[in-house]
Amino acid sequence: MQGCNFQLSSSRSPWLEPRMSSIGFQAATHRGYFLGELGGSGLCRLKCRVQCSQLWQSTSLVNNQKEKDRYSCIDQSTSYLHVQSLRNFPTGKLCGEVVMVRLDSALLLGHLGPCTFSLERALLTIKYLYKARAKVIIVTSWDTTLQSNNPEVKSIDSFAEYLSSLLQVEVIPVDGGPGLTSFKKEEWVQNSIILFENLLNFRGEVANCNDFSQKLASGATIFVNDSFSLSHKILASTVGITRFCYASLAGFHFDEELTRLIKITDTTRHPYIAIVGGGNFLRKAPALRMLISLCDGLFFVGKLSFQIMKGLGMPVPSQFIERNAIMEALQIIQVARDRNVPIYYPTDLWCLNNDNCGTSRVVNSAGQLDGWTPADIGPSTLEKISSIIPLYKKILWIGSTKYDLAEEFSVGATQLGQILEKASFDSCEVILVGNAACNTLRRKTGSSSQCIEFKNATVVWEFLKGRILPGIAALDKRYPYRIPWSTVFCDSTLPLVVDIGSGNGLFLFEMAKRYECSNFLGLEMNEKLVIRCLQGMALYEKRNLYFVSTNATSTFHSIVSSYPGRLSLVTIQCPNPDFNKEQNRWRMVRRMLVEAVADLLQTNGQVYLQSDVESVLLGMKEQFLSYSNGQLVVDGDDCGHRMENPFGVASDWERHVLARGAPMYRTMLRKV
């Protein structure tokens, strides 16, 4: 690309304000597919309440989301679920590298019950790395309950011995704080696997302490997370550590569990019914809204069923009702009516006598419960479930069927487990979530269940609520983006220019106008800035400019590798400005990004780096030259980093720096 000494002449702001339109809400009046019929007054009361609630999403939020969708070809809500897995990482890059693996000790010790397949996948992760000649470090944690039930974790020495027996490879325990600073390197000559101390012994683990994360990662270049059950937590060993490793990957067990998790929201197999139990309706309301929008039927059991029964106008004792959850229940019922989706609830219950705890009997759920405490679903309810299950091709069971904690009243759950296990052998896809569901399956000698199981229900509930699971989001992205290049650009074969950290887009807007024979792509983490840039593109008739909201450090390769044309130029200008800490201004430039840029750049393609802080530029330059494996060299003479801007187009921050009389430091690299 030839340099041109043009000055920015247009002061007109390229932004367009989003146009908002009002959306009304109409209450549907469908009826007849609930097990309980509402009377006229009940239906009117339901309609009135729902109309007054005005839905759980405000009009402005709905319109904002529509405006985003209009300018986006990416599903932002689930893009974080696509991670880079160990199976797709180049094996050659593992040899000789120090790889830290986060394992689930409960999975290894079998505390959560039979889980042979998952255990094999977890062990396969270690064996795979060992065979690839990586230097493996294992980190994990175990609480006092796990320790009391398993003599293998009474000490780190006994746990290392147990792991050695599982892996058939000697595992060396290391006492003291995690980190290679406390490990004698000569001991590594004897073996490639070491085990650090229980992470729960350190406060920095649960607090996700930055200093502890850095110490934990000291010496390690690659991080592999194989502890899926902790995905909902923010820990130093699952989230914080990823800031200090050049690649963060999902292990074989983690990858398999993530694939299964996504299946919960997959509606390709239908009709699809969810059997939902447990309590805390208000806390689970977002997840229930998700399920009612996905499924073709919902069967409520446990304490949740009382909320639904109350919303349907049935008499329910006040002690069983969550006062603040009634509006949420009404909204879910209304959505079900709108979608013509049936909602079921128990017709009878096993109950305990309040005066004589040893006395139990079956009580009609719509009858008088005074003097009796519900314990579990009754036989009539189980018959109803058994009769409707053959109508569905996919079943999700999440949450307990019981109404209290009495273990002796688990007959209903056990029989439900048998019903679903039979359905799984009848070509029905069955997903069981939580200990209550997984532990009730009948295990026959010589046979294995066909059901998909999730022992940790919290992970699934958080996923269904639409929340980002930090343990997944922290891993490097694999292929979250499917950009239709032929739609984005008029000519997708033109040379591509990528600006990493494009900010408000002023630099690319001007570049796209002046260099019409190239396509320009901005990668920016701030989604709001990207939306404004995409809206601003409406002012330009020629389509040679586009923006994507992403963390380019981990997704650059997956985005740019699918581009039909050639990558000719990559620019990084004043990355991550932190006016208090200069070292933070170049944290986006990591080994993974440099390798991706060097691999995808065409021969004689260029990398343009600039910053208003010379040490920041030097840091970026050194990393590109170091991690590019000799593919990048300094292009010409950068005049001691005081070269002129070769494009004649200044970024917004660059203009701000020059206006106050401060210098800019620049360099140009070229691929050989």
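Axes are lines fitted to C-alpha atoms, for helices over the stretch in contact, and angles between them run from 0 to 180 degrees. The exercises below concern a predicted model.

**Exercise 1.** Determine how helices α21 and α22 are oriented towards each other, and state which residues form their contact.

*Solution.*
Step 1. Two packed helices are described by the angle between their axes and the distance between the axes.
Step 2. Helix α21 covers residues 552–560 and helix α22 covers residues 591–600; their axes come within 8 Å and cross at roughly 20 degrees.
Step 3. Angles under 35 degrees count as roughly parallel. The helices α21 and α22 are therefore roughly parallel to each other.
Step 4. The crossing of α21 and α22 is left-handed.
Step 5. From α21, the residues Ala552, Thr553, Ser554, Phe556, His557 and Val560 take part; they meet Met592, Leu593, Ala596, Val597 and Leu600 of α22. Sorted by type, the residues of this contact are eight nonpolar, three polar and no charged.

**Exercise 2.** Decide whether Ser400 is buried or exposed, and describe its surroundings.

*Solution.*
Step 1. Ser400 lies in the loop between β13 (394–398) and α14 (411–425).
Step 2. Buried means under 20% relative accessible area. Ser400 has 19% relative accessibility and therefore counts as buried.
Step 3. The Ser400 side chain reaches the backbone nitrogen of Lys402 at 3.0 Å.
Step 4. When neighbours within four places in sequence are left aside, Ser400 is in contact with Gly277, Gly278, Val301, Gly302 and Ala436.

**Exercise 3.** State how many helices and strands the protein chain has, and what share of its residues counts as buried.

*Solution.*
Step 1. The protein chain has 24 helices and 22 strands.
Step 2. Of its 672 residues, 54% count as buried.

Note on methods:
Residues are numbered from 1 along each chain as its sequence is written. This is a predicted model: local features need pLDDT of at least 70, side-chain atom pairs count only at pLDDT 80 or more; totals for chains, interfaces and linings use all residues. Side-chain values use heavy atoms; hydrogens and water are left out. Helices (H or I, at least four residues) and strands (E, at least two) are DSSP runs, numbered from the N terminus. Angles under 35 degrees count as roughly parallel, over 145 as roughly antiparallel, 65 to 115 as roughly perpendicular and the rest as oblique. A crossing is left-handed if the near helix is turned anticlockwise from the far one by less than a right angle, and right-handed if clockwise. Contact means heavy atoms within 4.5 Å. Ala, Val, Leu, Ile, Met, Phe, Trp, Tyr, Cys and Pro count as nonpolar, Asp, Glu, Lys and Arg as charged, and the others, Gly among them, as polar. Buried means under 20% relative accessible area, exposed over 50%, partly exposed in between (1.4 Å probe, protein chains only). A polar contact is a pair of N or O atoms within 3.5 Å; within protein, one must be able to donate a hydrogen and the other to accept it, and residues adjacent in sequence count only if both atoms are side-chain atoms.
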